[in-house]
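Q: I am new to this structure and would like to learn how to read it. Please take me through it feature by feature.

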Amino acid sequence: MAKALILGGATGLLGQALVHVLMARGWQVETLGRQDGNVLDFSFLQSRLHAANADVVFNAVGYTAVDAAEDDSPSARELNRALPDALAHILRGLGNGHLVHYSTDFVFSGHGETPLTEEDEAHPQSVYGSTKLEGEQAVLRVLPERSSVLRTAWLFGPGRKNFVDTIVAACEKRDAINVVYDQVGSPTYSMDLAQWSVALAEKQATGLWHAVNSGQASWCELACESITLAAASCRVVPIDSAQWPQKAHRPTFSVLDNSKLSAFLGKKPRPWPQALRDYIYSDYLPTHRKDKDLH
Ligand SMILES: NC(=O)c1ccc[n+]([C@@H]2O[C@H](COP(=O)([O-])OP(=O)(O)OC[C@H]3O[C@@H](n4cnc5c(N)ncnc54)[C@H](OP(=O)(O)O)[C@@H]3O)[C@@H](O)[C@H]2O)c1
């Protein structure tokens with residue numbers, strides 16, 4: 001039986017999806033997070049990786065608070081760069097074990113108009129994006145023959161509050177909500193991302209991968225689709241980014257081209273609205289929406 005160690009598996013949005021998918025596929029699964037000790041204490045990390053002796057280490061830990069990172073770049077850099085760098089060094093020292101690490105569409109400046117491929121040059125415009133880029137580069141430099149880095153985006157899914165949950169919850173309290181229309185990206189279901197991750201890990205695929213559902217959307221379109229599927233009644237008022245000032249700069253257009261992943265899987269990842277339907281209609285529904293007759 002293959003064995004996985006999942007950093008962030010107990011609490012993270014993606015980490016929990018990985019636990020679910022790996023267990024369903026018969027993997028032996030162990031999680032590691034701050035409830036077990038300080039993952040930034042690299043001798044502790046080394047001893048845990050050594051003891052786990054996992055075939056694959058999935059790193060779903062990250063400093064994901066994009067705006068907070070602007071004021072706390074040392075913490076963002078520790079989690080997003082130093083941690084994956086340490087994981088890659090430790091696995092290289094151990095001589096076995098594959099590393100699957102995650103990055104983001106925010107490594108791109110977002111000034112273009114066509115979907116971004118793995119070959120496109122990254123130009124992060126935020127501390128979060130810069131530290132994530134440094135992390136992915138460290139992994140691919142230190143452990144090129146036994147690592148894969150998956151850039152993903154705009155995650156929704158069970159287990160941790162995300163944009164879709166926030167919108168549906170807001171609709172229960174208000175008649176109208178303001179949502180930004182001039183940022184366009186690749187909404188992605190954490191459970192689908194976990195499936196692709198395991199498929200790549202099982203083949204020990206290496207290198208950089210854009211791992212997102214197909215299609216593209218603005219935050220406004222994602223909100224409207226979520227509201228429709230959740231049978232909520234609420235008006236969405238499109239606003240531009242200037243009307244919703246945020247500390248960190250966000251890319252205007254950061255749709256990721258998933259052709260490389262499609263070729264690997266032998267099929268295109270399903271479109272995000274189909275995945276969103278699965279999320280909203282599924283058994284993973286948060287209790288506040290479970291009461292509603294959605295089916
Ligand atoms: N969410 C998105 O839309 C998105 C988009 C693009 C890329 N990504 C990338 O995908 C990966 C997973 O993201 P996610 O959305 O699943 O993140 P998440 O839900 O915010 O989970 C982050 C995980 O990191 C852990 N963590 C944070 N600070 C820690 C610390 N100091 N020590 C130990 N653990 C710590 C969290 O633990 P606690 O629960 O204890 O805080 C949690 O398990 C990240 O690499 C992220 O950059 C996410």
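A: We start with a term: a polar contact is a pair of N or O atoms within 3.5 Å, where within protein one must be able to donate a hydrogen and the other to accept it. Keep in mind that this is a predicted model.

Q: How far is the backbone oxygen of Arg 146 from a polar atom of the side chain of His 98?
A: The separation is 3.4 Å. His 98 belongs to strand E4.

Q: Is His 98 buried or exposed?
A: His 98 is buried, with a relative accessibility of 2%.

Q: With which residues is His 98 in contact, leaving aside its neighbours within four places in sequence?
A: Among them are Asp 55, Val 56, Val 57 and Leu 91. The list also includes Arg 146, Ser 147 and Ser 148, as well as Gln 204, Ala 205 and Thr 206.

Q: Next, the ligand. Which residues come nearest to the ligand?
A: The shell around the ligand has 22 residues, of which Thr 11, Arg 34, Tyr 128, Lys 132 and Arg 160 come nearest.

Q: Which elements each supply at least two residues of the shell around the ligand?
A: They are helix H1 (13-24), strand E4 (98-104) and helix H5 (127-142). The largest share is three residues, and it comes from E4. That is the strand in which His 98 is placed.

Q: How should I read a pair of cysteines?
A: A disulfide is a covalent bond between the sulfur atoms of two cysteines. A search of the whole structure finds zero disulfides.

Q: Are Cys 220 and Cys 224 buried or partly exposed?
A: Cys 220 is buried, at 8% relative accessibility, whereas Cys 224 is partly exposed, at 34%.

Q: How do I read the sides of a helix?
A: An α-helix has 3.6 residues a turn, so residues three or four places apart point the same way. In helix H8 (residues 219-229), the buried residues are Trp 219, Cys 220, Leu 222, Ala 223, Ser 226, Ile 227 and Leu 229.

Q: What covers the buried residues of H8?
A: The cover includes helix H6 (163-173), strand E7 (176-180), E11, strand E12 (235-239) and helix H10 (272-281). Just after H8, Ala 231 takes a positive phi of about 55 degrees.

Q: Where else is there a positive phi in a residue that is not a glycine?
A: Asn 53 has a positive phi of about 45 degrees; this residue is in the loop between helix H2 (42-52) and strand E3 (56-59). Trp 154 has a phi near 45 degrees, also positive. The loop that holds Trp 154 runs between strand E5 (147-152) and strand E6 (155-156), and Trp 154 is buried at 10% relative accessibility.

Q: How do I describe a residue in a loop?
A: Give its place, its accessibility and its partners. Ser 214 is in the loop between strand E10 (207-210) and strand E11 (217-218), and is buried at 8% relative accessibility. Its side chain makes a polar contact of 3.2 Å with the side chain of Asn 258. Beyond neighbours within four places in sequence, Ser 214 is in contact with residues including Lys 268, Pro 269 and Trp 272.

Q: Where does Gln 35 lie?
A: Gln 35 lies in the loop between strand E2 (28-32) and H2. Gln 35 is partly exposed, with a relative accessible area of 47%. A polar contact of 3.5 Å joins its side chain to that of Asp 36.

Methods:
Residues numbered from 1 in each chain as written. Predicted model: local features only at pLDDT ≥ 70, side-chain atom pairs only at ≥ 80, totals over all residues. Heavy atoms only, no water. Disulfide = S-S within 2.5 Å. Buried < 20%, exposed > 50% of the residue type's maximum accessible area, 1.4 Å probe, protein only. Helix = DSSP H or I, 4+ residues; strand = E, 2+ residues; numbered from the N terminus. Contact = heavy atoms within 4.5 Å. Near = heavy atom within 4 Å.
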